[in-house]
Amino acid sequence: MNYNKTLAISVLTVIIVAFLFISGNSILTKSFLSIPAGNLILWLGLIALQITNYSINKGFESANSFLSNTIKLLSIGLLLLSILWFGIAYFISGDLGFNFNSNATSFAGSPEAGVLHWRIIYSLVISPVVLIIIYKIGSFIENRKHKTS
């Protein structure tokens, strides 16, 4: 599949997921195989967001500087982290509902684990946006250098 088709599908997925969460749609509370649908939908959205980042930049094909290559590697790392997010969330919460409470006897399921859970989610949402901006600014500066040379 080419980057344009991948980009269209991933952007549409991100928009749908964002709409469901912003509107507080009741489908998020439904259960699918004993897993809240909201957890599965968020997981899909996080993966789609990373794919959107990668597709917007056409796989970083023109990555020929240290900054560009670093951003490419970070984007791939974020995609892998997004894919692993469900397992990580299960590990730190101790259940498929990703519930946290103050009565937890270990780190799993504790309020501290809940803070880590949300920090991972925020990082997976904010990081690709920051990387896109940095990559575009870096590409612009690099292109300006080549034009003036």
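**Entry 1: serine 55**

I began with serine 55, which is buried, with a relative accessible area of 4%. The cut-off for buried is under 20%, so serine 55 falls in that class. The model I am reading is a predicted one. I looked up where serine 55 sits, and its place is in helix α2. Next I listed its contacts, leaving out residues up to four places away in sequence. Serine 55 touches Tyr3, Thr6 and Leu7.

**Entry 2: α2 against α3**

I stayed with α2 and turned to its packing on α3. Two packed helices are described by the angle between their axes and the distance between the axes. I looked up both values: the axes of α2 and α3 come within 9 Å and cross at roughly 165°. Angles over 145 degrees count as roughly antiparallel, so α2 and α3 are roughly antiparallel to each other. I noted that their crossing is left-handed.

Which residues make the contact? From α2 I noted several, including Leu42, Trp43, Leu46 and Asn53. From α3 I noted Lys72, Ser75, Trp85 and Phe86, among others. By class, the contact has 13 nonpolar, five polar and one charged residues.

**Entry 3: the cores**

I then looked up the largest nonpolar core, which has 15 residues. Those with the most contacts inside it are Leu42, Leu46, Ile71, Trp85, Phe86, Phe98 and Leu124. The elements giving two or more residues to this core are α2 (37-56), α3 (66-93) and α4 (111-148). Another core, of five residues, lies apart from it; among them are Leu20, Leu28, Ala37 and Ile41.

Last, I checked isoleucine 71. Not counting residues up to four places away in sequence, isoleucine 71 touches Phe60, Leu131, Ile134 and Tyr135.

Conventions: Residues numbered from 1 in each chain as written. Predicted model: local features only at pLDDT ≥ 70, side-chain atom pairs only at ≥ 80, totals over all residues. Heavy atoms only, no water. Core = buried A, V, L, I, M, F, W, Y, C linked by side-chain atoms within 4.5 Å. Buried < 20%, exposed > 50% of the residue type's maximum accessible area, 1.4 Å probe, protein only. Helix = DSSP H or I, 4+ residues; strand = E, 2+ residues; numbered from the N terminus. Contact = heavy atoms within 4.5 Å. Axes fitted to C-alpha atoms, helices over the stretch in contact; angles between N-to-C directions. Parallel < 35°, antiparallel > 145°, perpendicular 65-115°, else oblique. Left-handed = near helix turned anticlockwise from the far one by under 90°. Nonpolar A, V, L, I, M, F, W, Y, C, P; charged D, E, K, R; others polar.
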